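Q: Could you take a close look at the part where the two chains come together, and then walk me through what sits around it?

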Amino acid sequence: MTLEIRPARPGEEGLVLGFIRKLADYEELLHEVTADEADLREGLFGPAPRCHCDLAFWNGAPAGFALWFYNFSTFAGKAGIYLEDLFVEPGLRGKGIGKALLKRLARRCVDEGLPRLQWWVLDWNEPSIAVYKSLGAKPMDAWTVFRVSGPELEELAT
Amino acid sequence: MSITIRTARPGDGAILNAMVHALAVHHDYEAYFTASPEDYERFLADPHAINGALIALWNGEPAGCATWQRSYSTFTGREVLYLEDISVLAPFRRKGIAKALLRAVAQLAVARQAASVKWLMMGWNSDARRLYELVGATIEDGNCFCQLSGDALHRLAA
């Protein structure tokens with residue numbers, strides 16, 4: 001039983017998109033996924049990559065992924081890592097794959113001198129929240145997320 | 001009496017640092033504020049920076065700022081502009097400066113072809129909440145923001 005984690009390579013956009021869709025489905029948000037393989041190719045491997053992806057393989061089979069990018073804290077004056085998506089195939093849960101993906105990002109933060117690893121979780125996702133708390137992550141309860149997009153964004157921009 | 005908004009440039013590190021520090025104090029987060037003007041100068045001088053800032057001037061005098069960073073939505077496969085801070089110095093409040101900054105951030109997002117602008121607000125900040133709803137923002141309920149830092153980050157990285 002072996003676990004391998006490595007960066008996604010050009011040509012694996014379909015695999016990454018499949019994981020994104022499975023995660024969205026678990027979150028009951030599949031209807032919001034409009035990204036296609038070309039978008040991911042541009043985001044991950046284009047001339048100015050916007051994000052990074054680690055893939056996990058269990059006995060050689062694709063098992064999960066972590067998609068992340070760098071962010072910046074104006075309070076700390078330092079960059080950090082923001083984890084956008086984390087997913088493990090339902091049949092392969094309980095083997096420590098999610099923790100290994102998180103650990104790899106924590107290792108990267110420490111190696112690169114970055115003080116924080118941050119992410120969001122849906123508040124009904126108790127199993128994940130329990131895992132995150134067990135790893136020492138703190139929920140930042142006092143914060144509310146706002147978003148402006150679509151017609152409201154266009155209107156505000158004018 | 002006029003508001004102008006301009007892009008922050010090298011040399012603006014000290015004023016930006018002071019304005020974000022004022023925001024940290026206002027939010028009772030001063031203990032977490034360790035950034036220096038040099039940290040700001042570093043990204044202001046970096047042509048490949050993932051973040052930047054806008055400065056609002058009231059009759060030519062620095063009155064407020066918005067700091068932003070590049071983010072990414074895997075669901076849409078497009079950039080999201082993340083608004084990290086919006087700060088208006090106390091003597092310049094209630095002049096429409098925050099709204100002008102939000103509009104400039106929306107214009108920047110549209111120019112960068114970002115699908116949306118996203119930000120966090122502390123739950124108690126009802127004045128800010130009214131403004132955000134006024135400009136068309138929606139509140140994303142059901143999210144929980146997690147952070148791993150300090151000892152917990154090092155423990156997971158080990």
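Predicted model: local features only at pLDDT ≥ 70, side-chain atom pairs only at ≥ 80, totals over all residues.

A: Two residues are in contact here if their C-beta atoms, placed from the backbone, lie within 7 Å.

Strand E5 of chain A (residues 116–122) runs antiparallel to strand E7 of chain B (residues 143–149), with seven bridges between them.

Now for the nonpolar core. The largest one has 86 residues, and the members touching the most others are B:Ala66, B:Leu81, B:Leu101 and B:Val105. Helix H3 of chain B (residues 97–111) gives this core its largest share, ten residues. Zoom in on B:Leu101: leaving out residues up to four places away in sequence, B:Leu101 touches B:Ile5, B:Leu54, B:Ala56, B:Gly64, B:Ala66 and B:Ile86.

Over in chain A, have a look at a pair of helices. The axes of H1 (residues 13–26) and H2 (residues 37–45) of chain A come within 9 Å and cross at roughly 105°. Angles of 65 to 115 degrees count as roughly perpendicular, so that is how H1(A) and H2(A) lie to each other. From H1(A), the residues that meet H2(A) are A:Glu13, A:Gly14, A:Val16 and A:Leu17, and their counterparts in H2(A) are A:Glu37, A:Leu40 and A:Arg41. That helix contact is made up of three nonpolar, one polar and three charged residues.

Technical notes:
Residues numbered from 1 in each chain as written. Chains lettered and ligands numbered in written order. Axes fitted to C-alpha atoms, helices over the stretch in contact; angles between N-to-C directions. Helix = DSSP H or I, 4+ residues; strand = E, 2+ residues; numbered from the N terminus. Parallel < 35°, antiparallel > 145°, perpendicular 65-115°, else oblique. Nonpolar A, V, L, I, M, F, W, Y, C, P; charged D, E, K, R; others polar. Pairing = 2+ DSSP bridges. Core = buried A, V, L, I, M, F, W, Y, C linked by C-beta atoms within 7 Å. Buried ≥ 20, exposed ≤ 12 C-beta atoms within 10 Å, placed from the backbone.
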